[in-house]
Amino acid sequence: MNLYAFQLGRQKELCLAELKTLLGAQNLVEKNNDIAIFQLEKADQKLQDDLGGTIKIMEVFDKTTKENVEKSLEKHLLQEFEGWSGKIQFALNMFGLKKEFRSKPLLNNCKRVLKSLGLNCRFVNNSDKNPQPSTIFKARVLQKGIDINLIKCDSGIYLAQTISIQNIDDYSLRDYNKPKRDAKVGMTPPKLAQIMINLAGPAKTIYDPFCGTGTYLMEIMLMGKTALGSDIERKMVEYTEQNCAWLIQKFPMKYQKHYIFKADARLIEKQFLPQIEIDAIVTESYLGEPQTKEPTPEKRETIFRELANLHLNWLAKCHPLLPKNGKIVMCLTAFRDGKTIHHFPNFNQLAETAGYKIKQSFSYSREDQIVIRDIIVLEKI
Ligand SMILES: C[S@@+](CC[C@H](N)C(=O)[O-])C[C@H]1O[C@@H](n2cnc3c(N)ncnc32)[C@H](O)[C@@H]1O
């Protein structure tokens, strides 16, 4: 077993939950605010590409004390760059260590070591702060040099080398350059879609009954799973079809089974679906009208009431489609009102009436959003 460190994305709790579901909670060794360390046989680019909530994956090469960090780094660099020549890109990141070290002296020491091998290095760091992951990605540090990470946890300081980083170009291609977009329907960010798909566990066939422009279907297919999607609007069914066809062209993949059809999720029946067993449902159903200002308590109540009706109906109708203990991972509307968040009232009860229990719930939001998403994992009872 090797140790790998995963840098968590913005919504830390949700990102950690994704990792625990995918890699097994029992394999979590240690964590700090930004990083989770897992023991695994192997981590690679495919794992990185499937994770919506991990910024980068690092392979641990040592765990040591503050006093021995420099020596350990020196040893690793000498091993890693023996036989290299020319100029390399070098980035240094510290997690949970701001007080113990300043990056400048450490960087200078690394420069000296690399120079002893006849190498020049260009530092990606230009202050005591960690370089932005996007800078590391754009400068191709992983291909042209090394990205080193010092991670302080309770048991010591881990030293780790980055082996993969989120491909921000691919995400923005899928998010902004797919042929059919519709800001009015409230498209799901691809990274959130990936996290939610992973929260469904080892499901092979996943259904999105509110497919919109097809974000979930695209991410499901990229993970090598079978995707089913439906929408009440003919236009959205066509958008999903076109986006999936575009995806297959842009991101060649071995497995591309997907089914798209028009249906009202409140009336869904097994016979409307292709002859195929569904393992899980992952979806962002209607969140309510977009809001330009915080809704009044009365307005909020009306929105919640209307949505409760929709949720009760579709959840009940989808119940027979799922296997025993089958999962639904869904977005639920909540509202931000200054510092207060108004969550969907009595959803626990609603879910139970429809035949589910809530297994997990998380908030997913940005400071500037009024309508926000809670991410709920339901299990069929
Ligand atoms: C929030 S959008 C889904 C966005 C989608 N995840 C994406 O990234 O494009 C909700 C979708 O649900 C559809 N919808 C609303 N009510 C529906 C219903 N009763 N049955 C099926 N689809 C419905 C809407 O047409 C809309 O496309």
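**Reading cores, domains and a pocket**

Trainee: Which residues does Ile375 touch, not counting residues up to four places away in sequence?

Mentor: Contact means heavy atoms within 4.5 Å. With residues up to four places away in sequence left out, Ile375 touches Leu14, Leu192, Met196, Leu199, Val329, Met330, Cys331, Gln360, Ser361, Phe362 and Tyr364. Keep in mind that this is a predicted model, where local features need pLDDT of at least 70 and side-chain atom pairs count only at pLDDT 80 or more, while totals for chains, interfaces and linings use all residues. Residues are numbered from 1 along each chain as its sequence is written, and side-chain values use heavy atoms, with hydrogens and water left out.

Trainee: Which members of the largest nonpolar core touch the most other members?

Mentor: In soluble globular proteins, nonpolar side chains tend to be buried together. A nonpolar core is a set of buried Ala, Val, Leu, Ile, Met, Phe, Trp, Tyr and Cys residues joined through side-chain atoms within 4.5 Å. Buried means under 20% relative accessible area, exposed over 50%, and partly exposed in between (1.4 Å probe, protein chains only). Here the largest nonpolar core has 49 residues, and Phe6, Leu199 and Ile375 touch the most other members. At least three residues of this core come from each of domain 1 (2–166) and domain 2 (169–380). Another core, of 31 residues, lies apart from it, and includes Leu307, Leu310, Ala354 and Leu378.

Trainee: How is the protein chain divided into domains?

Mentor: The bounds come from an automatic or database domain assignment. The protein chain is divided into domain 1 (2–166) and domain 2 (169–380). Their centres, taken over C-alpha atoms, are separated by 34 Å. The contact between them takes 18 residues from domain 1 and 18 residues from domain 2.

Trainee: Where does the second largest pocket lie, and why?

Mentor: Rolling a probe the size of a water molecule over the atoms shows where empty space is left. On a 1 Å grid over the protein atoms alone, a pocket is an open set of points where a 1.4 Å probe fits, with protein on both sides within 12 Å along at least five of seven lines; lining residues have an atom within 4 Å of a point. The second largest pocket lies between domain 1 (2–166) and domain 2 (169–380), because both give residues to its lining. Among its 19 lining residues, Lys46, Asp49, Asp50, Leu222 and Phe251 lie nearest its centre. Helices are DSSP runs (H or I, at least four residues), numbered from the N terminus. Helix H2 (45–50), helix H7 (168–176) and helix H9 (215–222) are the elements that give two or more residues to this lining. H2 gives the most, with four residues.

Trainee: Is Asp175 buried or exposed?

Mentor: Asp175 is buried, with a relative accessible area of 15%. Asp175 is found in helix H7. Leaving out residues up to four places away in sequence, Asp175 touches Arg181 and Pro190. Asp175 and Pro190 are 15 residues apart in sequence and 6.4 Å apart in space, C-alpha to C-alpha.

Trainee: Where is the place of Phe347?

Mentor: Phe347 is in helix H12 (residues 347–354). Phe347 is buried, at a relative accessible area of 5%. Its neighbours within four places in sequence aside, Phe347 is in contact with His311, Leu315, Met330, Leu332, Ile358, Ile376 and Leu378.
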